[in-house]
Amino acid sequence: MPRRLLWALALVCASIAVPSAAHADNPIVQTVYTADPAPLVHNGRVYLYTGHDEDNSTYFTMKEWRLYSSADMVNWTDHGSPMSLATFGWAGADAWAGQVVQRNGKFYWYVPVKNRTSGRMAIGVGVSSSPTGPFTDALGRPLVENGEIDPTVFVDDDGQAYLYWGNPNLWYVRLNPDMISYSGGVNQIPLTTAGFGTRTGNTSRPTLYEEGPWVYKRNGLYYNVFAAKCCSEFIGYSTAPGPTGPWTYRGTVMPTQGSSFTNHPAVIDFNGGSYFFYHNGALPGGGGYTRSVAVERFTYNADGTLPAITMTTAGAPQLGTLNPYVRQEAETIAWSSGVETEPAGEGGRNVGFIDNGDYIKVKGAAFGAGATSFTARVASATGGGRIELRLGSPTGTLAGTCTAPGTGGWQTWTTVTCPVSGATGTRDLYLRFTGGTGYLFNVNWWQFA
Ligand code: FUB
């Protein structure tokens with residue numbers, strides 16, 4: 001697989017450029033290319049909905065959306081794809097940038113897709129009773145269609161919900177309480193230079209507004225953070241005293257950076273911190289059509305303005321620690337090298353496509369006084385291999401080695417246990433996979449005792 005070759009090359013480069021094997025946590029996902037982040041805070045977790053750029057893509061070739069979740073902002077659990085183009089029988093292509101909101105005990109996912117019949121971009125609505133899906137088409141047709149993209153949804157304190165979207169214009173509708181219909185028609189927000197800044201050198205687009213609006217409210221002030229100028233884009237923002245304006249341009253949030261000519265913002269507050277999500281081309285093989293989602297923690301200025309935020313490879317600090325003494329899904333990952341994930345026959349997902357030397361980093365595992373054993377759920381259609389439990393880096397202190405045997409099938413699962421010593425305190429845990437050639441084994445979950 002070409003991407004795996006790129007990984008191998010990247011690892012060689014990384015070993016030259018970065019003597020320490022400690023790895024950054026941005027971008028958030030290493031197993032696939034992701035784009036257009038849309039986080040949702042629910043029940044003590046951040047659910048991060050993303051687009052999925054296909055490997056080797058040379059356009060915005062996107063067929064499905066992906067979902068990851070985290071309680072600590074650094075270890076992210078892969079939930080696979082809860083919604084795809086196939087969800088919308090009327091959609092033919094372009095699973096682009098959307099957003100999920102919770103209302104009425106349900107989760108509504110507004111997405112732009114190409115209407116197969118009209119050939120125009122339209123906004124569809126997926127609905128689910130769970131943040132992890134599966135989502136179904138709420139309407140069986142577009143909610144609204146005017147050839148423009150990038151919906152963002154916001155529910156005001158008075159219960160009125162607004163759906164904004166647009167490129168090259170900016171539109172909104174007032175959603176009805178059912179969240180799948182609207183009243184008052186389709187309204188256009190005037191793109192004035194006072195509201196959205198001045199673009200030079202493009203007479204058809206005099207303001208900086210390009211696409212990707214993210215509208216929210218904080219301390220009574222309404223924010224519209226958006227992808228500005230093209231191309232390459234930067235992230236700018238405007239504020240307003242009300243949900244429909246008048247908007248005032250406030251400047252740059254994130255300058256043009258990061259090897260992707262698009263960027264796409266999202267802002268949340270979670271457990272006392274504020275977080276800015278975006279995308280770039282940071283993975284090996286990454287670029288404008290092979291993007292990756294990343295996150296930075298930030299603090300609002302005292303007057304409510306947003307600070308300038310730059311892309312980092314360190315990402316956000318960890319909130320708390322990870323408990324290694326409860327069952328952890330193998331697809332809960334701070335950083336990984338070489339592996340992929342797939343649906344598991346036992347339910348959920350497993351880590352697979354493991355070659356010799358691949359690894360998973362789990363950040364900030366709180367071992368306390370010390371672990372004595374490690375248990376993992378494994379399967380292998382070949383001869384299996386070994387899981388090395390290393391601390392601090394992929395070549396760090398070896399706390400134990402578990403043998404994963406051949407089980408007769410990639411989804412024929414068995415549980416293995418091995419002794420552990422020296423795993424004390426709070427450490428970054430690396431599950432390093434070793435063995436022969438070819439794919440070695442799959443891992444569904446693990447737990448220390
Ligand atoms: O990912 C496809 C498109 O690229 C999105 O809809 C835009 O916001 C830009 O990120």
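The shell of residues around the ligand consists of five nonpolar, three polar and four charged residues. This is a predicted model, and the tour starts at that shell.

**Stop 1: the shell.** Select Asp36, Phe60, Met62, Trp96, Ala97, Ile149, Asp150, Glu211, Thr262, His264, His279 and Arg291, which surround the ligand. Colour them by type to see the division into five nonpolar, three polar and four charged.

- Aspartate 150: an N or O atom of its side chain is 2.5 Å from an oxygen atom of the ligand.
- Histidine 264: a polar atom in its side chain is 2.9 Å from an oxygen atom of the ligand.
- Alanine 97: here the backbone takes part, with an N or O atom 3.4 Å from a ligand oxygen atom.

Now show the protein surface around the ligand. Of the 280 Å² of accessible area that the ligand has on its own, the protein covers 99%.

**Stop 2: strand E7.** Select residues 99–103, which form strand E7. Is this strand largely enclosed or largely open? Four of its five residues are buried, so the rest of the structure largely encloses E7. Buried here means under 20% relative accessible area.

**Stop 3: the partner strand.** To follow the pairing, pick glutamine 99 and look across to tyrosine 110 in E8, which stands opposite.

**Stop 4: the turn.** Finish at the hairpin of E7 and E8, where two residues lie between the strands. Select asparagine 104, which takes a positive phi near 55°.

Technical notes
Residues numbered from 1 in each chain as written. Predicted model: local features only at pLDDT ≥ 70, side-chain atom pairs only at ≥ 80, totals over all residues. Heavy atoms only, no water. Buried < 20%, exposed > 50% of the residue type's maximum accessible area, 1.4 Å probe, protein only. Pairing = 2+ DSSP bridges. Near = heavy atom within 4 Å. Polar contact = N/O pair within 3.5 Å; in protein donor to acceptor, adjacent residues only side chain to side chain. Areas by Shrake-Rupley, 256 points an atom, 1.4 Å probe, with all protein chains shown as cover. Nonpolar A, V, L, I, M, F, W, Y, C, P; charged D, E, K, R; others polar.
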